[in-house]
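Reader: Please pick one part of this chain and take me through it closely. Keep it brisk, and define your terms as you go.

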Amino acid sequence: MSSETADRVAVSSRPSTPLQTSWFEFLLDGSLLEKHLQKSNSDPPPVQLIIQFLEQASKPSLNEQNQVQPPADNRRNRTLKLLALEVAAHLKWDLDALEKGLTIPVLNMLLNELLCVSKVPAGVKHVELELSTLPPTTAMAVIIYNRWAIRTIVLSSFPEKQTKPGPHQMNMLSIVQQEKEMTENILTVLKEQATDSISVLEGALQLKKDFYVHTLRTLDLLASDAAANGETESSTAGLRISADELHCQVHYDLGGIFFQQGCTDQPAYKKARDHFRRTKELLAKLDSTVHVHLDEKRLAGYWNACRALTEDCDPSDSQNSPYNQINSLIRAHSYQAVIEAFIKDNVSRSLPNNFRRSVLREFVYRVQQGDSSLDEVCYKVCVCNAVRDALEGEVLSVRFQQLLLRPSKRMVDFVLEVCTLSLEKDRPSETLRRNMATFMKTLCETLEELPLLFLVSSHKLFMELLKEDERKFVVEQLRKRSATINLSAKPLPSFYDIPASASVNIGQLEQQLILLLEPRKIRQILIELHGMAERPFWRVNSKWEVPPDYINVILGIKDNLTKDLVYILMAKGLHCISIKDFAHARQLFSACLELVTEFSPKLRQVMLNEMLLLEVRAHEAMAAEGSKERPPPDLVSRVRGYLEMRIHDLPLRQVVGEECVAFMLNWRENDYLTLQVPQSLVMNNPYIKLGQLLASTCKELPGPKECRRTAKELWEAVVQICSASIQHKRNNDGRVGLIKHRESSMGIMHRSKFITFIKKLREPLVMTTLISLFVRLHSIVRDDIVNEVTAEHLSIWPSTLSNIQAVDVEAVAVTVKELVSYALTLNPNNQSWIITQADIYFVTNQYSAALNLYLQAGAVCSDFFTKAVPPDVYSDQVLKRMIKCCSMMNCHTQVAVLCQFLREVDYMTAFKALQEQNSHDAMDSFYEYIWDVTILEYLTHIHHKRGETEKRQIAIKAIGQTELNTSNPEEVLQLAAHKRKKRFLQAMAKLYF
């Protein structure tokens, strides 16, 4: 055999690594996916498959002109998305597994695809859906999505270790920033919709039936003709999940979001506690928890935390009573009792060390906040914890070692007392004795003052625990050391206490750096940190963020200490603004401004711009809380100065200009925006352009002829913003990023930025103008003359669109809903906006919600129907829509009563309604509200014909009232009608509100 042949045989005899299955093979063989997923160690694993399928399905294509086009909606891409869903179904929609393996953008795309294939109505908010009326798999898709939404909000609030790029990886910063922006955009949307997601899940808890979720089989049916017969929508299609299992999981997720909200909303802790209690009850009740994925240790931690925070103590609960006892003592300020409890616990060791340390951290925090009376409590709790650590053979804490560097006789006496009381009185184990002996030796080695050393070495415990030869050795070592102590003793450096434990000390200083808001203390700590280590301390907290526009300027500062200080002061100031802590934000920004003024004119102007934004937001926050005080002239002047500012090579944040324009609109500075703003700014800044168009339209609204010209310009700008276009941006390496769907527009700004800008406005006339514009645009693109939405000032807008195909219909529908909902948060009593919202519900067939709002509109303009509702509010069109709402809900008697409200009584509709025998309202109890004799006579006739004697008598009694006599003067008849109208509308309001 030749050597070449031998080599081939040797190679062929080695076990070969099986090739990884490629994503396209699953497209070619429909049965391959199920076989692949059944393998114990499938390669690629399920989560990786989801990423591959969605990445391929979202890849853009190139047209003949080599331009990037959005992913085609073809069979290949639809199949790939369905394969991704099938893998998730194989994982039984376990959000724990999906969240660990998928990024937020990928999981967002996956779950949106689930909503799509589950036929969740597009353009309708989930909170507006009635889960009980949806097909089981559709309802479950909505629940899964909203569970993920609140879980993601909670997970995003946890601290993360930030990736630190090396010196040759700084060019990766932009790519990382792009990914981060995408995640932040999704998180922003989820946080805005958090209240809706919570409402959806709370609604799911009201459903007592079993739930069904998509499986591989039901998803396969969706791709085949079998879906046409409705099999996938049947009540038993899919994987059955019992109501208790789902409720257990939903209670746990809701508990998590309420606990997270508790830091800013204290009552939320009680809601979290109730949900966690219910979770524990259901968990104990369930025989099988196949579909429940929760961390029971975390649940126990949540439960204990909630009970401590809500003062919910149950003495009968033996497992948690030690926690409750300590928390009760702290709340009662019985600090000596806390210390005694900790000493007793050194014997029983029932409290976990992390809980004991958290109690110490709480006391230290209070001392840092200025409560100096707790200094003694801090050191005593620290000693108790150190003795507990020593008994368990743990490393002594840095805080305790720092205490030993400044000892006193009183402190050493207390240490020895705790040591004595912490050993079991009867017969402590040999391990405990040896650990305590080691602790005594450590004390002797650490203390330097001879009187204190003698105090320890002569103590009874020292004599009992250490053998004679150990005692002699320790004493001899102390003698040798004491001879050199005075000769070599040097004062400790001022920046740190324990040079040998510098890394631990750095961690403590970093923790203080994260917590502090005083600029002077922040600077002092940074000086200390830079004295210990040379590294970028602006990376200590991943939640510290400065705008991308400024990052290069700040990181370009040569002095590392100054760089860290500027970055941290700005990041903390921006965080304070986000939580409306404007006082601390002013302090931080002022300190930062003072610092950068010394060396950088560019950064000085940046800080002046940020301080302007701070003052604008502070004033807007006061206005949102009800303040009517106009902004000071100085602030208005600074806003104008910013809008007109032109400094070369100065980084500008778009949000500053955006909020300045919104500020001018909110305070009706229309003259400046329409007449005084330089034309060059209008051409270059889209927000100023939009502000000018809005200001011009609002200013000229009383004069329709002049208004139509400016209104047309505003109309054209908004239509272009709402025109559909999608772009895909390539990364620096040339590859198209995963799910990089970026909304683009032919208009002056993206639609998402337009919506964000709108939600900064609050001036009523501006909001009315925008609502009017979008209502008209919505009516044109829907092209439904019968079911049009109404609003004020519709006549100023064009009635046709030249390029209607280019307008994104769904985007317009969503925008008009968001706009009206936002407007009603500003003023829930604006009758015009309420009617518009009611019309939106009406045209989308949500009749109960529509009727509720029509009644609200009447109530707010008539002091809850004590006065007559103005005819321009309850026009014939509104009344006819109220009639249809009642009819669609089978409330036929209400239909007959409302028919009287019309200018010309609609007898045909009233008679037809009264002929209906299957009425869901109170029927004859509404007869007292009928004042039209013709309708009452018809009622008498129809009940006589049916043999309904009692109802006939009620109708006869109603018609027999003297005030309804047709011979009465007109004033009497009108008064009778008005009285019945008022009472009927009040009864309806009580029924529907």
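Author: Start with His251, which lies in helix H12, residues 243-261. Helices here are DSSP runs of H or I with at least four residues, strands are runs of E with at least two, and both are numbered from the N terminus. The model is predicted, with pLDDT of at least 70 needed for local features and 80 or more for side-chain atom pairs, while totals for chains, interfaces and linings use all residues. Residues are numbered from 1 along each chain as its sequence is written, and side-chain values use heavy atoms, with hydrogens and water left out.

His251 counts as buried because its relative accessibility is 11%. Buried means under 20% relative accessible area, exposed means over 50%, and partly exposed is in between, using a 1.4 Å probe and protein chains only. The side chains of His251 and His275 are joined by a polar contact of 2.9 Å. A polar contact is a pair of N or O atoms within 3.5 Å; within protein, one must be able to donate a hydrogen and the other to accept it, and residues adjacent in sequence count only if both atoms are side-chain atoms. Residues up to four places away in sequence aside, His251 touches Leu205, His275, Arg278, Thr279 and Leu282. Contact means heavy atoms within 4.5 Å.

Glu763 also has a polar side-chain partner. Its place is the loop between helix H37 (751-758) and H38. With a relative accessible area of 5%, Glu763 is buried. The side chain of Glu763 makes a polar contact of 2.6 Å with the side chain of Arg668. Neighbours within four places aside, Glu763 is in contact with Leu665, Asn666 and Arg668.

How much of H40 is covered? Mostly: 12 of its 13 residues are buried. The buried set runs from Ser832 through Trp833, Ile834, Ile835, Thr836, Gln837, Ala838, Asp839, Ile840, Tyr841 and Phe842 to Val843. The cover includes helix H38 (764-782), helix H39 (809-826), helix H41 (847-860) and helix H42 (876-888).

Next, the two ends. Asn830 caps the N-terminal end of H40, with a side-chain oxygen 3.1 Å from the backbone nitrogen of Ser832. Just after H40, Asn845 takes a positive phi of about 65°.

One of the covering helices, H39, packs against H40 at an angle of about 145°, with the axes 10 Å apart. H39 supplies Val816, Lys817, Val820, Ser821, Ala823 and Leu824 to the contact, and H40 supplies Trp833, Ile834, Thr836, Gln837 and Ile840. Axes are lines fitted to C-alpha atoms, for helices over the stretch in contact, and angles run from 0 to 180 degrees between N-to-C directions. The crossing of H39 and H40 is left-handed. That means the near helix is turned anticlockwise from the far one by less than a right angle; clockwise would be right-handed.

Another pair is helix H28 (560-578) and helix H29 (582-596). Their angle is about 155° and their axes are 8 Å apart. H28 and H29 are therefore roughly antiparallel. The cut-offs are under 35 degrees for roughly parallel, over 145 for roughly antiparallel, 65 to 115 for roughly perpendicular, and oblique for the rest. The crossing of H28 and H29 is left-handed. Residues meeting there include Leu565, Leu569 and Ile577 in H28, and Phe582, Leu588 and Leu595 in H29.

Two loop residues have positive phi. Trp93 is near 55°, in the loop between helix H5 (75-90) and helix H6 (95-101). At 5% relative accessibility, Trp93 is buried. Arg349 is near 50°, in the loop between helix H16 (335-348) and helix H17 (353-368). Arg349 is partly exposed, at 29%.

Last, the whole chain. There are 47 helices and six strands. Of the 993 residues, 48% count as buried. Among contacts between residues at least 6 apart in sequence, 68% join residues at least 24 apart.
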